[in-house]
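I opened my notebook beside this one and wrote down each thing as I looked it up. Have the model on screen and follow along with me.

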Amino acid sequence: MNLIETEAVVLHASDYGESDRIVTFFTLASGLVRALAKGARRSRERFVHAFEPNSVVRLSFRQRRGLAWVESCRLVEGNLGLRSDPSRWAYAGLLVETTLRLHPENLPNTQFYALLCGALARLGTERDPVNVAALFLVRGIHLVGGLPSLESCGQCGRKLGESSTWTLSLGAGRFACQAHGLNHAGAITLDKGSAILLHAMLQGPVEKIWRFRLRKGMASEIVRAAAAWVEEQSGQRLKSRRALNCVMDPRWAEECNP
Ligand SMILES: [Zn+2]
């Protein structure tokens, strides 16, 4: 069994048995990896703050059938800015769950790794976390093959500049001009500028997408629709759903205040 040394993002950790933990990482070398950290609950010194969700670590592990085996894990970046703000934490939860549910295990994807790392770092620091979340979701869904082409209308071939509004339906896998737009729940209505921006955002290197700025309402609509789509795809409600509703929808505010 080869020892693999790589950088990784901690997505999820849970206790296992008396003394172990099962940790899911998104690694630079091997993509999504589920691994057993033997003795992690007993020996805190061996893995100091190493399994905090949303942090970046230096990991070495052995690949096996089923669960991988953590040899060592050292914290590199804790992304502490996320922890002090419930809305940033909620968006980070959505990004992590989207990754867990959409990305296959043990399939390297360096672009997705760069996207996830960049998004978590910026979610903790940027003024507009919903913009960061929306950019991550569109590019991330594109990277796992879940986004229809935003080049032109899927029905008539009309180009982006030739229609004043567009609709994007993740569920139907369709992108359509004003004349062929879908009018069902979950379809995102985009003005021409936003459609052109999203299309441009998909072209360049992943590291460069964070300069794109969506209109605030637009970013929220994308996040809502993408979250619903992830739930539909996985057949399960998102664990971050309640926190997200609190952050995004004033109708939920009462339930959110203790
Ligand atoms: Zn059309």
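Predicted model: local features only at pLDDT ≥ 70, side-chain atom pairs only at ≥ 80, totals over all residues.

Entry 1: I went to helix H5 and asked what its buried residues pack against. I found helix H1 (86–102), helix H3 (129–143), strand S8 (188–191), helix H4 (192–203) and helix H6 (241–248). The buried residues of H5 include Met218, Ile222, Trp229 and Glu231. Three alanines, Ala225, Ala226 and Ala227, are also among them. H5 runs over residues 216–234, and its 19 residues reach 27 Å from the first C-alpha to the last, close to the 27 Å expected.

**Entry 2: the metal.** Next I looked up the zinc ion. Which atoms coordinate it? They are SG of Cys153, SG of Cys156, SG of Cys177 and ND1 of His180, at 2.2 to 2.3 Å. The angles among the four donor atoms are 99 to 115°, and the site is tetrahedral. Along the sequence I wrote the spacing of the donor residues as C-x2-C-x20-C-x2-H. Cys153 has a relative accessible area of 3% and is buried, while Cys156, at 39%, counts as partly exposed.

**Entry 3: two asparagines.** I turned to backbone angles, bearing in mind that most residues other than glycine have a negative phi. Asn54 has a positive phi, near 75°. Asn54 sits in the loop between strand S3 (31–37) and strand S4 (56–62). Is Asn54 buried or exposed? Asn54 counts as buried, because its relative accessibility is 4% and the cut-off is under 20%. Asn106 also has a positive phi, near 55°, and lies in the loop between H1 and helix H2 (110–123). Asn106 is partly exposed, at a relative accessible area of 37%.

Entry 4: In the contact I have 22 residues from domain 1 and 20 residues from domain 2. About 1700 Å² is buried between domain 1 and domain 2, and carbon and sulfur atoms give 63% of that area. Which three residues supply more than any other three of the area that domain 1 buries against domain 2? I noted Phe26, Leu32 and Asn54, which supply 41% of it. So Asn54, the residue with phi near 75°, turns up again here, because it is one of that trio and counts as buried at 4%.

Notes. Residues numbered from 1 in each chain as written. Heavy atoms only, no water. Helix = DSSP H or I, 4+ residues; strand = E, 2+ residues; numbered from the N terminus. Expected span 1.5 Å × (residues − 1). Buried < 20%, exposed > 50% of the residue type's maximum accessible area, 1.4 Å probe, protein only. Contact = heavy atoms within 4.5 Å. Donors = N, O, S within 2.8 Å, 3.2 Å for Na, K, Ca; no water. Tetrahedral: all angles 85-135°; square planar, octahedral: opposite > 155°, others 65-115°. Buried area = accessible area lost by both parts, 1.4 Å probe.
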